[in-house]
Amino acid sequence: MIQGKSKIDLDVKEYEAFMDSKTSPSYLSIVATVEEEFTGVKINATSGSTVYPYRYSMNCISYDTCSVFQADKEAEVEFQIVYVDGTHLNDTKSPVELIYTEVLNKYRVWYPDSDEENSKEADTEPVSENRTFHFRSHMNESSIAVFKVSLPDLRDYRKHAHFYKMELKYRDEQRELYSTYQYREPKNLDPLSAEENDKLKEFFQLEYKRYDDKIEINKESQFTVNSSQPLSYVVYNVVGRGNILKSDRIDLPDRPKFHNISLTPTEMWAPNFALYVYYVDEKGEYHYAEQRYYVQYRLQNQINITAPEQVKPGENVSLKIKTAPNSFVGLTAVDQSVLLLRSNNDLRPHEFDWVLSSYTTTTPHQGGYSDYPGWSSGVVTLTNADYFYNWTKPEYLSSEFVPRLYHTSSKLPESGILGAAGRPAMAEADSGSGFSASSAEVQVRKDFSETWLFDNIESTNEEEFTYVTKIPDTITSWLISGFSMNPNKGLGITADKTKVVTFQPFFISIRLPYSVKRGEVINVPALVFNYLNKDLDVEVILDNNDGEYEFMDITNEVHNDEKQVKKVVRVPAHGAAGVSFMLRPKIIGNVMLKYLAKSPLAGDAIHKTMKVVPEV
């Protein structure tokens, strides 16, 4: 790795044999392991990428034209061909070929006592002609190829699926995409009466006229009621969070067949609401329509936290907080490396969508076999008007109808986290950084808390104020978040976490085990990081003035008379080097390890405790 970065080239073709499908993309999971050469500590991170078995994405512009055709009638079929990332090809010269191939598949439906009927029909098995039809075109500037397609009739065979298989060929890729079936008029076994025909043409619908992609709070939206019969009035109800939020009757003296209802959603409508519209005609028949709509939820109260991007360890940091006055504010700041273990320690704005959605109501099942008024809106309709409701069990649900389908083919039977020893991307310093080699002037770093802030402010007097607190001594990145409670505007949560980096261009890093046993000989490594522009000869000192442990050497010889051990190491510019100390704890409890690293240009000192447990 060079300055914390490494580039690895992967040959994607090597993973072709492991893909789940040859016609659809798979997900490739990538696990990277970084090992520190000096300490042997390993850190893992997982990412992923989508791998496509093809270079081009081929899609039908209108699905109807690719799924259904009318025999001997010319129609336009449009395909768009782009790269898998959505980039247009800008190729108007290369031909594009659309291929239709006739397919005849047999399927079997077994009913009780129908084996004899199936055996009789086996003697007259139809045979496919396997006809193939080719159509050619070229793409326009929008990467769309338009084909003039006319296909011959396909005979309708009983218990067979007769259709055309669609393939698209462009350059060196040919891929099967869709199956298209011939349009056939529905078969009416019993002719309908004139009254029944009129009944089928009746409709009462509710539509949302989309001025943009979404419905927003405090922004007017229009909902259109369409009817096959003239409307003398309509009644609408807005249902959200289990309550009827708004209800109104609109008289229509002109008796139109459609009417626009303008509504402005409020916070109580979010995250989703139902619109239930109905009317009763002159014959006493009840007509209704209902739809559910999503509203992007936004908290009325807002809170924003800003802080300096980079500070030195142990400095006082000023956080600028902006929220509604007279609010209770809660703050939390956690070491970013800790969030790799678990990240559900905080409130997130999107969580309120599913929490509030849990209050959505639906009407219990009424025991019949069709929809009933208010079932999706969650309201109960009490009326003496007449509306159709099917109480008759459909044939496919009866015990006598037990189909089993078997299809047979016509052929043979898937951040750079700044840790304690990391380097942020913005870190850069020159040799004149002002650090002194004298141990008396080196700031000792003692506070290595994983949680920087877990505090609250009882009441704020102004909309924007400053909160000053001391940051721990860890060389890492901190993520700050908070919430605000206001008696008028309610709850507010930070939309994004604020990041603060603690860094200095020269520092020493120690990795200790969770605990060691008393009398156990251990090797404690120390890494020295130098982000100055000069190579440095660094003297690393481990101080044992308290006599809580003994220094050892590789031959296990004890040095009882030594109060400190010094080692010199050369650390390259923008690099790191390590030294190690062998010691044996003498007491039980927390043993303080005092390290000092000094050079002619810079120095650093840290005090860390090591947990010592009994031998047994």
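A disulfide here is a pair of cysteine sulfur atoms within 2.5 Å, and by this rule the count comes to 1 disulfide. The structure above is a predicted model, so a few ground rules apply: local features need pLDDT of at least 70, side-chain atom pairs count only at pLDDT 80 or more, and totals for chains, interfaces and linings use all residues. Residues are numbered from 1 along each chain as its sequence is written, and side-chain values use heavy atoms, with hydrogens and water left out.

**The whole protein**

- You'll find 4 helices and 38 strands in the protein; these are DSSP runs numbered from the N terminus, with helices being H or I runs of at least four residues and strands being E runs of at least two.
- Of the 616 residues, 39% are buried, where buried means under 20% relative accessible area, exposed means over 50%, and partly exposed is in between (1.4 Å probe, protein chains only).
- The accessible surface comes to about 36,900 Å², and carbon and sulfur atoms account for 49% of that; such areas come from the Shrake-Rupley method with a 1.4 Å probe, and for residues only the protein chains shown count as cover.

**The disulfide**

- A disulfide is a covalent bond between the sulfur atoms of two cysteines.
- In this model the partners are Cys 60 and Cys 66, with their sulfur atoms 2.0 Å apart.
- The torsion about their S-S bond is about 85°, so the disulfide of Cys 60 and Cys 66 is right-handed.
- Both Cys 60 and Cys 66 are buried.

**Salt bridges**

- Searching the whole structure turns up 15 salt bridges, each one a side-chain nitrogen of Lys or Arg within 4 Å of a carboxyl oxygen of Asp or Glu.
- One of them joins the side chains of Asp 91 and Arg 171, at 2.8 Å from N to O. Asp 91 sits in the loop between strand S5 (75-83) and strand S6 (95-109), and Arg 171 in the loop between strand S9 (160-170) and strand S10 (173-182), so this pair ties together parts that are 80 residues apart in sequence.
- Asp 91 is buried, with 10% relative accessible area, while Arg 171 is partly exposed at 45%.
- Glu 102 and Arg 131 also meet through their side chains in a salt bridge, at 2.9 Å from N to O. Glu 102 belongs to strand S6 and Arg 131 to the loop between helix H2 (115-121) and strand S7 (132-138), so the pair links parts that are 29 residues apart in sequence.
- Glu 102 is buried, with a relative accessible area of 4%, and Arg 131 is partly exposed at 23%.
- Another pair is Arg 255 and Glu 282, whose closest N and O atoms are 3.2 Å apart. Arg 255 is in the loop between strand S14 (243-251) and strand S15 (258-263), and Glu 282 is in the loop between strand S16 (272-280) and strand S17 (286-294), so the bridge ties together parts that are 27 residues apart in sequence.
- Arg 255 is partly exposed, at 36% relative accessible area, whereas Glu 282 is exposed, at 62%.

**Two open sheets**

- Strands count as paired if DSSP finds at least two bridges between them.
- S3 and S5 run antiparallel and are joined by 5 bridges; Tyr 56, for example, has Tyr 83 in S5 as its bridge partner.
- A further open sheet has 3 strands in the order S18-S20-S25, and its pairing is antiparallel. Its edge strands are strand S18 (304-306) and strand S25 (464-470), each pairing on one side only.
- Strand S20 (residues 316-322) runs antiparallel to S25, with 7 bridges joining them; the bridge partner of Asn 316 is Lys 470 in S25.

**A histidine to look up**

- His 287 is in strand S17 and counts as buried, at 13% relative accessibility.
- Its side chain makes a polar contact of 2.9 Å with the side chain of Asp 281. A polar contact is a pair of N or O atoms within 3.5 Å; within protein, one must be able to donate a hydrogen and the other to accept it, and residues adjacent in sequence count only if both atoms are side-chain atoms.
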